[in-house]
Amino acid sequence: MKLCEGVTTHDALIIGSGLAGMAAAIEARDAGADAAILSKVHPLRSHSQAAQGGINAAIRPDDDWRDHRFDTVKGSAWLADQDAVTVLCREAPDAIWWLAACGVPFTRTPEGLIAQRAFGGQRRNRTCYAADKTGHDLLHTLYEQVQRRGITVYEEHFVTRLVPGDGSWPSLVAWDVCRGEVRQLAAPAILIATGGAARVFGQSSNALINTGDGVALAWRAGLPVEDMEFFQIHPTGLLNGILITEGARGEGAYLVNARSERFMERYAPKFMELAPRDQVARAIQTEIDEGRGFPTSGGYIHLDLRHLGEEKIATRLPQIRDIAIAFGGVDPVKEPIPVRPTVHYTMGGIATDTDTRTECPGVFAAGEAACVSVHGANRLGGNSLLEAVVYGRRAGRNLAAAPRAGGPPSDDAATDEHRRLTGLLAREGGERPATLRHDLEAVMRRSFGLFRNQELMSQGLRDILRLRERAKSAAVQDKGRTFNHDLFLLLQLEAMLDVAWMCAAGAVPRQESRGCHYRNDFERLDNDRFLKHTIVRRASDGGMQVGYKDVAIEDIIPQAEVKY
Amino acid sequence: MPTATFRIRRLNPDVSPEPYWQEFEAAWGPGDVVLEALHAIQESQDGTLAYRYSCRGAICGSCAVRINGTAALACKTQIASLDAAKPIVLEPLLNSPVIKDLVVDQEPFFASLRNIMPWLDPGGRDPHEHYTIEGLMSPSTRDQFLRATDCIMCQCCFSDCPKRLEDPRFVGPATCLAAYKRIHHPQEPAPAERLRQACQPGGIGDCDRHTNCVKVCPKDCRPMRAIMFLQREAKEAGIAPE
């Protein structure tokens with residue numbers, strides 16, 4: 001590992017190259033700033049592109065952003081901040097036209113308008129899309145525009161430390177994975193846009209890189225992190241976690257247990273397979289837990305499409321058929337697909353105001369890594385891409401306008417971080433990062449999954465703290481300088497252990513069920529005690545402080561339940 | 001569970017500039033893909049093994065390697081589809097310098113892409129305008145345009161293009177496909193200029209029609225078909241390359 005002396009400066013630094021990061025870079029550059037992106041992968045490998053369904057916006061004359069806002073707040077189990085949702089929904093139409101002008105090939109209606117499809121929890125068709133690969137088209141289009149502007153991208157640079165400014169600019173330390181170099185970069189403004197953290201559960205629809213690095217960076221630097229107990233769980237993932245869209249059930253697929261029963265009739269006789277996501281997910285897990293699922297590979301049930309017939313499957317669900325064949329090893333025309341719930345989205349993140357500012361001067365956050373909060377306890381489909389674009393663009397404008405007083409700090413942090421990383425490489429004889437990661441995933445699934453309660457969660461918190469102790473001696477086998485994949489995995493594990501602790505610290509004291517936080521010892525919403533955001537931060541002794549923050553409530557009055 | 005032998009071409013520049021072969025055994029079950037075998041080997045046999053991945057769902061384009069001599073996504077290649085009685089040979093992609101083990105330098109690929117300025121410039125059709133792709137394009141153009149938008153830049157076609165191997169001035173199939181996307185984009189302000197640019201030396205006229213790009217593409221984007229369409233369009237427009 002080589003230490004590069006000095007501090008490289010830009011007008012703005014953006015950590016993360018998904019939709020939020022690239023939208024910010026484009027806006028900052030268009031406002032005249034020399035913005036640079038750092039990403040631990042190439043920008044086109046970012047997880048934003050896995051989004052299939054679409055992006056919400058009230059773009060029709062007969063729709064209204066205020067209706068979109070109401071649907072979002074209700075879907076959030078009243079926990080979203082209504083001022084932040086106002087920004088999201090009011091700026092949504094402009095975001096769609098900006099994306100279209102950048103070149104996103106949105107699917108159009110026969111009349112030539114941008115088409116919109118129906119998504120859960122919304123009272124009208126509001127989800128714009130590009131076939132069933134909306135995120136892919138958005139990400140590639142924004143990367144084209146990043147190239148067009150000649151924006152600097154530090155590819156495969158893993159940011160391992162964030163340093164708040166002390167009269168100087170904030171800075172960061174990045175590890176150049178290919179070259180094995182450590183260097184410090186500083187700017188008047190730094191944006192964290194590193195995406196979600198659902199990999200802490202192992203069984204997840206997320207890319208393997210979604211380990212919450214940016215949230216952990218901010219937490220270690222003492223910044224407040226909000227609502228980390230809320231992880232959305234999707235009912236139907238393949239056994240390796242890859243998503244099978246709700247559209248399959250929308251077309252009429254059955255959920256069947258090992259006794260060939262359509263078990264949803266016991267849980268939601270009216271809506272059956274199309275009951276709300278959280279209910280369906282809990283029903284599937286109950287079947288597995290009570291021994292009515294298929295017992296191998298950790299348990300699963302069947303999603304059966306066979307009665308739809310080959311023609312309907314080929315025309316309506318071609319992608320699903322491809323995914324099932326390539327990643328599930330079954331052709332849904334001939335066999336049912338093994339599925340189980342999969343962790344899908346991180347609602348919590350670095351606490352920001354509606355201008356993407358964090359508590360630390362010059363440090364901003366946007367997208368899934370941030371919590372502004374527009375999703376509250378449960379995100380609506382089609383609002384994640386929207387948040388990334390709307391708040392990413394907003395961040396970009398704020399980065400460019402950040403005050404330039406101060407100047408770069410010394411390169412002491414790089415020296416420190418180089419010493420730390422060299423120390424990690426020198427460790428011998430400890431456990432492998434993968435062993436600890438698998439144990440962590442099992443703890444998170446057991447204790448913070450679909451069903452939570454005091455006993456499970458307390459046990460989970462103890463286990464996480466024990467894993468954190470074990471990780472202090474974790475060792476890598478690769479001691480080399482060039483593309484040290486083993487060290488990469490250890491740094492990701494460190495972030496995951498921080499994220500897991502934040503999740504546990506927020507979940508244990510929240511004695512209610514709200515959105516995806518479901519407790520069988522407190523089954524109801526408790527607005528009197530818990531209509532508030534959890535705020536965790538790192539105490540000066542390294543411990544976890546837990547506090548609360550009021551929800552921004554304007555005209556939408558929270559109800560005692562969320563009823564559809 | 002059955003086991004398979006993975007014969008991996010290794011290179012660690014920290015130790016030696018010479019590549020070498022190493023064999024690993026890994027257990028596998030139905031539905032398991034090559035990427036999972038790589039994880040198993042890295043986790044429990046050799047922590048120094050380097051390879052790229054991200055989505056493990058064939059959408060991010062990170063994990064392309066050569067499997068038994070042909071470029072493919074490690075996440076999409078089921079071990080059951082290979083002959084597990086023989087060693088499964090894994091090598092880094094061609095036409096790019098190797099950084100370490102199965103990790104190659106992506107810069108030659110993206111530098112070739114930047115040659116055709118793969119972005120939309122302002123000044124074309126206003127997206128507010130009502131239009132349909134069907135109304136603007138013939139069915140075959142529309143089909144190829146949508147295939148061009150499916151490209152995940154995984155570099156499989158770039159790796160296995162014999163023309164690129166023999167003449168590095170050729171920009172490669174994915175870049176030509178990106179040119180197709182630009183030229184036919186409904187909002188492109190200067191399609192004729194773009195087509196002329198694609199016809200420059202090293203561009204669409206240099207394709208030798210080996211068809212490898214069509215065979216190895218994990219998203220069925222058919223780059224050579226796009227090249228042939230562009231060649232025809234260039235001829236009709238009187239700007240065919242030499």
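Reader: Which hand does the crossing of α4(B) and α7(B) have, left-handed or right-handed?
Author: The model is a predicted one. In it, the crossing of α4(B) and α7(B) is left-handed.

Reader: At what angle do helix α4 and helix α7 of chain B pack, and what does that make α4(B) relative to α7(B)?
Author: Two packed helices are described by the angle between their axes and the distance between the axes. For α4 (residues 139-149) and α7 (residues 173-183) of chain B, the axes are 9 Å apart and the angle is about 120°.

Reader: Which residues in α7(B) are met by residues in α4(B)?
Author: The contact of these helices divides into 4 nonpolar, 2 polar and 1 charged residues. From α4(B) come Gln144(B), Phe145(B), Ala148(B) and Thr149(B). In α7(B), they meet Leu177(B), Tyr180(B) and Lys181(B).

Reader: In β3(A), what is the bridge partner of Ile14(A)?
Author: Ile14(A) and Ala12(A) are buried on one side of strand β2 (residues 12-15) of chain A, and Leu13(A) and Ile15(A) are buried on the other. β2(A) pairs with strand β3 (residues 35-38) of chain A in the parallel sense, over 4 bridges. The partner of Ile14(A) in β3(A) is Ile37(A).

Reader: Which elements of chain B give two or more residues to the side that touches chain A?
Author: In total, 41 residues of chain B are in contact with 44 residues of chain A. By class, the chain B side has 18 nonpolar, 17 polar and 6 charged residues. The elements giving two or more residues to that side are α1 (34-44) and β6 (98-100) of chain B.

Terms used: Residues numbered from 1 in each chain as written. Chains lettered and ligands numbered in written order. Predicted model: local features only at pLDDT ≥ 70, side-chain atom pairs only at ≥ 80, totals over all residues. Contact = placed C-beta atoms within 7 Å. Nonpolar A, V, L, I, M, F, W, Y, C, P; charged D, E, K, R; others polar. Axes fitted to C-alpha atoms, helices over the stretch in contact; angles between N-to-C directions. Left-handed = near helix turned anticlockwise from the far one by under 90°. Buried ≥ 20, exposed ≤ 12 C-beta atoms within 10 Å, placed from the backbone. Pairing = 2+ DSSP bridges.
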